[in-house]
Amino acid sequence: MRTTRNPFSATASDEPERLVESYRAPAQIICNKGYDATSMNDIAEAVGITKSGLYHHVSGKRNLLFSIMNFGLDSLEEQVIIPAREIQDAEKRLRTIITNHVQLITSRSTAEGNNPVSIVVDEVAGLTLPQRRKIDARKRAYVDLIRNALTELKASGKLRDLDVTAATFSLLGMILW
């Protein structure tokens with residue numbers, strides 16, 4: 001059993017770091033094993049508490065997954081989307097999106113791999129339909145932000161004639177890879 005500090009129990013002064021830590025270990029396990037293959041026992045062991053202790057803090061694996069995804073999207077919104085929306089110039093906006101998104105991903109990565117942001121991409125099938133719709137709407141807003149920047153660049157003649165939607169998803173694929 002791994003002996004790590006229980007990230008689900010902390011003082012209010014540690015709240016931001018506690019959230020990151022409480023989502024990082026479960027996100028890593030889910031990314032490595034897949035949502036379906038990950039048990040609450042796996043998660044409890046990774047964070048150094050009992051399974052019943054884990055259930056004291058979270059109501060179930062599906063809701064934990066939803067919380068991890070929302071945390072990742074909150075981080076994306078705070079560090080990438082909001083700053084990008086403040087930039088009028090489409091080229092500068094797109095550069096800001098790319099730079100900030102890459103920094104977000106790499107700032108929370110560990111030697112073992114993933115962070116809560118990266119789980120958003122692959123595990124939506126583990127959510128309930130209402131949860132999936134909320135996550136998909138948030139992801140769609142981000143895709144639209146990128147697509148709009150590319151559309152503006154294309155309209156101004158700064159991009160070749162290309163399929164903007166394909167370019168948007170290609171760009172996201174490169175960032176997330």
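The expected span is 1.5 Å times one less than the number of residues. Helices (H or I, at least four residues) and strands (E, at least two) are DSSP runs, numbered from the N terminus. The model is predicted: local features need pLDDT of at least 70, side-chain atom pairs count only at pLDDT 80 or more, and totals for chains, interfaces and linings use all residues. Residues are numbered from 1 along each chain as its sequence is written, and side-chain values use heavy atoms, with hydrogens and water left out.

The buried residues of H5 are Ala90, Arg93, Leu94, Thr96, Ile97, Asn100, His101, Leu104 and Ile105. Down the helix axis they fall within an arc of 160 degrees, so they line one face of H5. The arc is that of the directions from the helix axis to the C-beta atoms. Buried means under 20% relative accessible area, exposed over 50%, and partly exposed in between (1.4 Å probe, protein chains only). An α-helix has 3.6 residues a turn, so residues three or four places apart point the same way. The face of H5 turned away from the buried side carries the exposed residues Lys92, Arg95, Thr106 and Ser107. At the start of H5, a side-chain oxygen of Asp89 comes to within 3.3 Å of the backbone nitrogen of Glu91. A polar contact is a pair of N or O atoms within 3.5 Å; within protein, one must be able to donate a hydrogen and the other to accept it, and residues adjacent in sequence count only if both atoms are side-chain atoms.

The protein chain as a whole holds eight helices and zero strands. Its pattern along the sequence is α-α-α-α-α-α-α-α. Of its 177 residues, 42% count as buried. Among contacts between residues at least 6 apart in sequence, 64% join residues at least 24 apart. Contact means heavy atoms within 4.5 Å.

Helix H8 (residues 164–176) has 13 residues. From first C-alpha to last, H8 reaches 18 Å, close to the 18 Å expected at 1.5 Å a residue. Val164, Thr168, Leu171, Leu172 and Ile175 are buried in H8. These residues fall within an arc of 95 degrees seen down the axis, so they line one face of the helix. The cover over the buried residues of H8 includes H5 and H7. At the start of H8, a side-chain oxygen of Asp163 reaches to within 2.9 Å of the backbone nitrogen of Thr165.

Arg147 belongs to helix H7 (residues 129–155). Arg147 is partly exposed, at a relative accessible area of 23%. Beyond its neighbours within four places in sequence, Arg147 is in contact with Val164, Thr165, Thr168 and Phe169. The side chains of Arg147 and Thr165 are joined by a polar contact of 3.3 Å. Arg147 and Ala166 are 19 residues apart in sequence, and their C-alpha atoms are 9.2 Å apart in space.

Rings of Phe, Tyr and Trp (its six-membered ring) pair if their centres lie within 6.5 Å; planes under 30 degrees apart count as stacked, over 60 as edge-to-face and the rest as tilted. The count by this rule is one aromatic pair. The ring centres of Tyr23 and Phe71 are 5.2 Å apart and the planes are at 50 degrees, so the pair is tilted. The pair links distant parts of the chain, with Tyr23 in helix H1 (residues 15–33) and Phe71 in helix H4 (residues 61–85), 48 residues apart. Tyr23 is buried, with a relative accessible area of 12%. Phe71 also counts as buried, at 12% relative accessibility.

Asn70 is found in helix H4 too. Asn70 is buried, with a relative accessible area of 17%. Leaving aside neighbours within four places in sequence, Asn70 is in contact with Ile135 and Arg138.

In helix H2 (residues 40–47), the buried residues are Met40, Ile43, Ala44, Ala46 and Val47. They cover an arc of only 165 degrees around the axis, which puts them on the same side of H2. H2 is followed by Gly48, whose phi is positive, near 80 degrees.
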